[in-house]
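My entries follow in the order I made them.

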Amino acid sequence: MIATKCYRFRLKPDKEQEAQFLRFAGCRRFVWNYGLARKQEVYKTTGKGIGYNALAAELVALKKQPETSFLKECHSQVLQQTLMDLDKAFTAFFEKRARFPRFKTRKRSLPAFRIAQNVSITEGKVSVPKVGQVKGRLHRPMEGTIKGATVKQEAGGHWYIVFVSHLELPDVAPTCEAHVGIDVGLTSFLTLDNGEKVEPPRFYRRAERKLKRLQRRLSRCQKTSRNRTRAKLRVAKHHRRTANQRNDFLHKLSAKLVADHDTLCIEDLNLKGLVKTKLAKSFNDAALGSFFQMLTYKAAYRFGQVVKVGRFYPSSKTCHDCGHVQHLELSDREWMCTGCGVIHDRDTNAAKNILSEGLRLSNNVAAGISETKNADEGNVRLATASGSR
Ligand SMILES: [Zn+2]
């Protein structure tokens, strides 16, 4: 199996290198807009599309014309990559995964460019063709084969490089020795089947308050004033900082869960999207998707597995001890089972059910049993097994 891994490093280009980065990004913007305009024009006149090869040929011609000869200053791969990315954007549009590609403007699109080859790390610096050796904070070693890189400037003004690397992983069947059931955020961010709860990090409430204040200040500024530019930068920096804190929290949490468990059973997302408390909601909305992704790819590196439990499985209102299903109000944080009299913490009970359902599903997959067969029997057996842990 080949796994894709991304590495993001902060870059510290000097004045000249930064100017070159911006030039590359400008050329990318130009080629993107040129290609997009040509595609629309050709479609209008002939009813047909124009693909990468034809546009790449036009690109060669453009470089020879005096008014567009500035393209020669840019590394040719950056330009070709732009056309490939444009094709990808159209494919995504036709497959209804994205909206119609838009023209890039200096205002709307942050400076960025992609290079497929010849970007490498040598002697603690990032070597970018036609730019040179760029200083960076290379805070961790990379594994696998580098498949390309994106250089971009974020709204706060900092430059980053993201390497995409391919890792060859041996085919090892995941085991179910150390397993965990995870219930995602109703009031807590996560609840594990052993009753452990993970709260949304404390910084978040403070960060939200500050964001509101900064945005209020921004909205009071005159449209084209220097204060407005400054206020805008402050908002962008604050967003970046909050996102960094959030990702740090999620990376550490997912790494810990994956290190301790080889089978992680988690509910398919979106189920509870509407019923969270305000704070939990704002944090969880931004965090759950990435958390899920992190969990999945980190588990794969360690030959573990993440089992998704269908969102229509009644994990909350089924009693884990006796299987009795009863109606619960959203406000019921604790409830007593009318079948067996056990008092449940809502989320812990749900996590336990997610675990047994997840183990049942993964055992069925391993044994090649179809989804519905012996469902009840499997459920009870596994429920007892995990209940006696
Ligand atoms: Zn019960």
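**Helix 4 against helix 5**

I began with the contact list for this pair. On the helix 4 side I found Phe203, Tyr204, Ala207, Lys210, Leu211, Leu214, Gln215, Arg217 and Leu218. Their partners in helix 5 are Arg228, Ala231, Lys232, Arg234, Val235, His238, His239, Thr242, Gln245 and Arg246. I sorted the residues of this contact by class and got eight nonpolar, five polar and six charged. I note that this is a predicted model, and I read each value below as computed from it.

Next I looked up the geometry. Helix 4 covers residues 203-220 and helix 5 covers residues 226-260. Their axes lie 9 Å apart, at an angle of about 165°. Angles over 145 degrees count as roughly antiparallel, so I logged helix 4 and helix 5 as roughly antiparallel to each other.

**Helix 1 against helix 2**

I moved on to helix 1 (residues 15-46) and helix 2 (residues 52-64). Their axes come within 11 Å and cross at roughly 125°. That makes helix 1 oblique to helix 2. The crossing of this pair is right-handed.

Which residues of helix 1 meet helix 2? I listed Phe30, Val31, Tyr34, Gly35, Arg38 and Lys39. They meet Leu55, Glu58, Leu59 and Leu62 in helix 2. By class, I have six nonpolar, one polar and three charged residues in this contact.

**Helix 1 against helix 3**

Helix 3 spans residues 76-94. The axes of helix 1 and helix 3 come within 9 Å and cross at roughly 45°. I therefore put helix 1 down as oblique to helix 3. This crossing is right-handed.

From helix 1, the contact uses Phe24, Cys27, Arg28, Val31, Trp32, Gly35, Leu36 and Lys39. From helix 3, I noted Val78, Leu79, Thr82, Leu83, Asp85, Leu86, Asp87, Ala89 and Phe90. The contact residues divide into 11 nonpolar, two polar and four charged.

**Zinc site**

Last, I looked up the metal. Which protein atoms are the donors of the zinc ion? They are the SG atoms of Cys319, Cys322, Cys337 and Cys340, lying 2.2 to 2.4 Å from the zinc ion. Along the chain, the donors follow the spacing C-x2-C-x14-C-x2-C. Cys322 sits in the loop between strand 12 (305-309) and strand 13 (334-336). Cys337 sits in the loop between strand 13 and strand 14 (343-345). These two cysteines are 15 residues apart and link distant parts of the chain.

For reference, the ideal angle for four tetrahedral donors is 109.5 degrees.

Note on methods
Residues are numbered from 1 along each chain as its sequence is written. This is a predicted model: local features need pLDDT of at least 70, side-chain atom pairs count only at pLDDT 80 or more; totals for chains, interfaces and linings use all residues. Side-chain values use heavy atoms; hydrogens and water are left out. Axes are lines fitted to C-alpha atoms, for helices over the stretch in contact, and angles run from 0 to 180 degrees between N-to-C directions. Helices (H or I, at least four residues) and strands (E, at least two) are DSSP runs, numbered from the N terminus. Angles under 35 degrees count as roughly parallel, over 145 as roughly antiparallel, 65 to 115 as roughly perpendicular and the rest as oblique. Contact means heavy atoms within 4.5 Å. Ala, Val, Leu, Ile, Met, Phe, Trp, Tyr, Cys and Pro count as nonpolar, Asp, Glu, Lys and Arg as charged, and the others, Gly among them, as polar. Donors are N, O and S atoms within 2.8 Å of the metal (3.2 Å for Na, K and Ca); water is not among the atoms, so sites may look incomplete. A crossing is left-handed if the near helix is turned anticlockwise from the far one by less than a right angle, and right-handed if clockwise.
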